[in-house]
Amino acid sequence: MDVAVVILNYNGAGFLRQFLPTVKKHSTGARIVVDDNASTDYSIEYLTNAHPDVRIIKTGENLGFAK
């Protein structure tokens, strides 16, 4: 069975830094995807440098949680 963990992010670099290592540790074998809603903090840089195995989807705008 294929499993993906999708994390919605908007300016949450600090939160990603806190919980993403734990998510990865307990999601062995799952694909981790971060859907970034046009963050203006260092979220993309953090993910690219610290977690190159995480797939990043850049929406280009803040679509809100419901979208």
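## Overall size and fold

The protein has 67 residues, and a compact globule of that length would have a radius of gyration near 11 Å; the protein has 12 Å, which agrees. The radius of gyration is taken over C-alpha atoms, and the globule rule is 2.2 Å times the number of residues to the power 0.38. The C-alpha trace spans about 30 × 25 × 15 Å along its principal axes. This is a predicted model, in which local features need pLDDT of at least 70 and side-chain atom pairs count only at pLDDT 80 or more, while totals for chains, interfaces and linings use all residues. Residues are numbered from 1 along each chain as its sequence is written, and side-chain values use heavy atoms, with hydrogens and water left out.

Two helices and three strands make up the secondary structure. Helices (H or I, at least four residues) and strands (E, at least two) are DSSP runs, numbered from the N terminus. Along the sequence, these elements follow the pattern β-α-β-α-β. Contact means heavy atoms within 4.5 Å. Among contacts between residues at least 6 apart in sequence, 63% join residues at least 24 apart.

## Surface and charge

The accessible surface comes to about 4600 Å², and 54% of this area belongs to carbon and sulfur atoms. Accessible areas come from the Shrake-Rupley method with a 1.4 Å probe; for residues, only the protein chains shown count as cover. Of the 67 residues, 30% count as buried. Buried means under 20% relative accessible area, exposed means over 50%, and partly exposed lies in between (1.4 Å probe, protein chains only).

The protein carries 7 positive and 7 negative side chains, and the centres of the two sets lie 5 Å apart. Lys and Arg count as positive and Asp and Glu as negative, while His and the chain ends are not counted. The place of a charge is taken as NZ of Lys, CZ of Arg, CG of Asp or CD of Glu.

In soluble globular proteins, nonpolar side chains tend to be buried together. Here the largest nonpolar core has eight residues: Ile7, Leu16, Leu20, Ile32, Val34, Tyr46, Leu47 and Val54. Helix α1 (13-25), strand β2 (31-36) and helix α2 (43-50) each supply at least two residues of this core. A nonpolar core is a set of buried Ala, Val, Leu, Ile, Met, Phe, Trp, Tyr and Cys residues joined through side-chain atoms within 4.5 Å.

Leu47, one of the core residues, touches Leu16, Leu20, Val34, Pro52, Val54 and Ile56, not counting residues up to four places away in sequence. Ile32 lies in strand β2 and counts as buried, at 7% relative accessibility. Leaving aside neighbours within four places in sequence, Ile32 is in contact with Val5, Ile7, Leu20, Val23, Lys24, Ser27, Val54 and Arg55. Ile32 and Asp53 are 21 residues apart in sequence, and their C-alpha atoms are 7.9 Å apart in space.

## Two buried serines

Ser43 is part of helix α2 and counts as buried because its relative accessibility is 0%. Apart from neighbours within four places in sequence, Ser43 is in contact with Asn9, Asn11, Gly12, Ala13, Leu16 and Asp36.

Ser27 sits in the loop between α1 and β2. At 16% relative accessibility, Ser27 also counts as buried. Its contacts, not counting residues up to four places away in sequence, are Val5 and Ile32.

## Loops and the end segment

Most residues other than glycine have a negative phi. Asn11, in the loop between β1 (4-9) and α1, has a positive phi near 55°. Ala38, in the loop between β2 and α2, has a positive phi near 60°. Asn11 is partly exposed at 29% relative accessibility, and Ala38 is partly exposed at 27%.

Asn62 is found in the segment after β3 (55-58) and is partly exposed, with a relative accessible area of 42%. Beyond neighbours within four places in sequence, Asn62 is in contact with Tyr10, Asn37 and Ala38. Asn62 and Asp36 are 26 residues apart along the chain, and their C-alpha atoms are separated by 8.2 Å.
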